[in-house]
Amino acid sequence: MSAALSPASGKLCVFSVDSGCYAIDAALVGEVATIDEPTPLPRCHPAVLGLVNLRGQALAIVDLAQVLGIDGPDQPLPSAGSRVLVLRLPGRSAGTVVTRVEGVIARDPAAFRAANRSAEPAWIAGFQVLARRGGQSQGELVATVIAPEELALRLSALAFHRPAPHGV
């Protein structure tokens, strides 16, 4: 495990992508930004939706579902005004379009269930039960906590993706 990924900040950034609720160590989230329309990058991995200029820095926009191998429809190319969660991992930054950012919460060990390594994908660190906002009492909101080491590996793999030769 990378030294930069080992200490947990004690806080989670909770966000939604389509109907899924996810969380990641808040120390790895740079910001939530509104972007211009990304420039598509031909011959890239299909998970790379394009490139944007974020205050003078190039930022790859990725489809988190494809990066993590979650079955479902492909995310359409984001448009101008889309909100992205900017992830800052050691040696790699990327943005992913989010439907909503729930906020930053303190990790609650009593409300956390570790992933079952024999039954769940490697990118799942566990599940954090969250209190509902506004006094809603129906059901619990559960965020799937993303393992930062696995996310970093998968983002790195995109950078070295070798597309098939044209026509193959």
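**View 1. Glu120 and Arg113 meet through their side chains.** A polar contact of 3.4 Å links the two side chains in this predicted model. Here a polar contact is a pair of N or O atoms within 3.5 Å; within protein, one must be able to donate a hydrogen and the other to accept it, and residues adjacent in sequence count only if both atoms are side-chain atoms. Glu120 sits in the loop between strand S9 (112-114) and S10. A polar atom of the Glu120 side chain also lies 2.6 Å from the backbone nitrogen of Asn116. Neighbours within four places in sequence aside, Glu120 is in contact (heavy atoms within 4.5 Å) with Arg113, Ala115 and Phe127.

Residues are numbered from 1 along each chain as its sequence is written. This is a predicted model, in which local features need pLDDT of at least 70, side-chain atom pairs count only at pLDDT 80 or more, and totals for chains, interfaces and linings use all residues; side-chain values use heavy atoms, with hydrogens and water left out.

**View 2. Six strands build an open sheet.** Their order is S8-S1-S2-S11-S10-S9, with mixed pairing. Strands pair if DSSP finds at least two bridges between them. Helices (H or I, at least four residues) and strands (E, at least two) are DSSP runs, numbered from the N terminus. Strand S8 (100-106) and S9 are the edge strands, each pairing on one side only. From one strand to the next, the twist averages 30°. S9 and S10 run antiparallel and are joined by three bridges. Phe112 has Gln128 in S10 as its bridge partner.

View 3. Strand S5 (residues 57-62) and strand S7 (residues 92-97) pair in the parallel sense over two bridges. Ile61 has Gly95 in S7 as its bridge partner. Axes are lines fitted to C-alpha atoms, for helices over the stretch in contact, and angles run from 0 to 180 degrees between N-to-C directions.

**View 4. The largest nonpolar core holds 28 residues.** Such a core is a set of buried Ala, Val, Leu, Ile, Met, Phe, Trp, Tyr and Cys residues joined through side-chain atoms within 4.5 Å. Buried means under 20% relative accessible area, exposed over 50%, partly exposed in between (1.4 Å probe, protein chains only). Phe15, Ile24, Val67, Ile146, Leu151 and Leu155 touch the most other members. Elements giving two or more residues include strand S1 (11-17), helix H1 (64-68) and helix H2 (148-159). H2 gives the largest share, four residues. Leu155 touches Val62, Val67, Leu89, Arg92 and Ala94, not counting residues up to four places away in sequence. A second, separate core of 10 residues includes Ala33, Ile35, Leu59 and Val97.

**View 5. Asp18 has a positive phi.** The value is near 55°, in a residue other than glycine. Most residues other than glycine have a negative phi. Asp18 lies in the loop between S1 and S2. Asp18 is exposed, at 59% relative accessible area.

**View 6. Arg43 also has a positive phi.** Here phi is near 65°. Arg43 lies in the loop between strand S3 (29-34) and strand S4 (48-54). Arg43 counts as exposed, at 56% relative accessibility.
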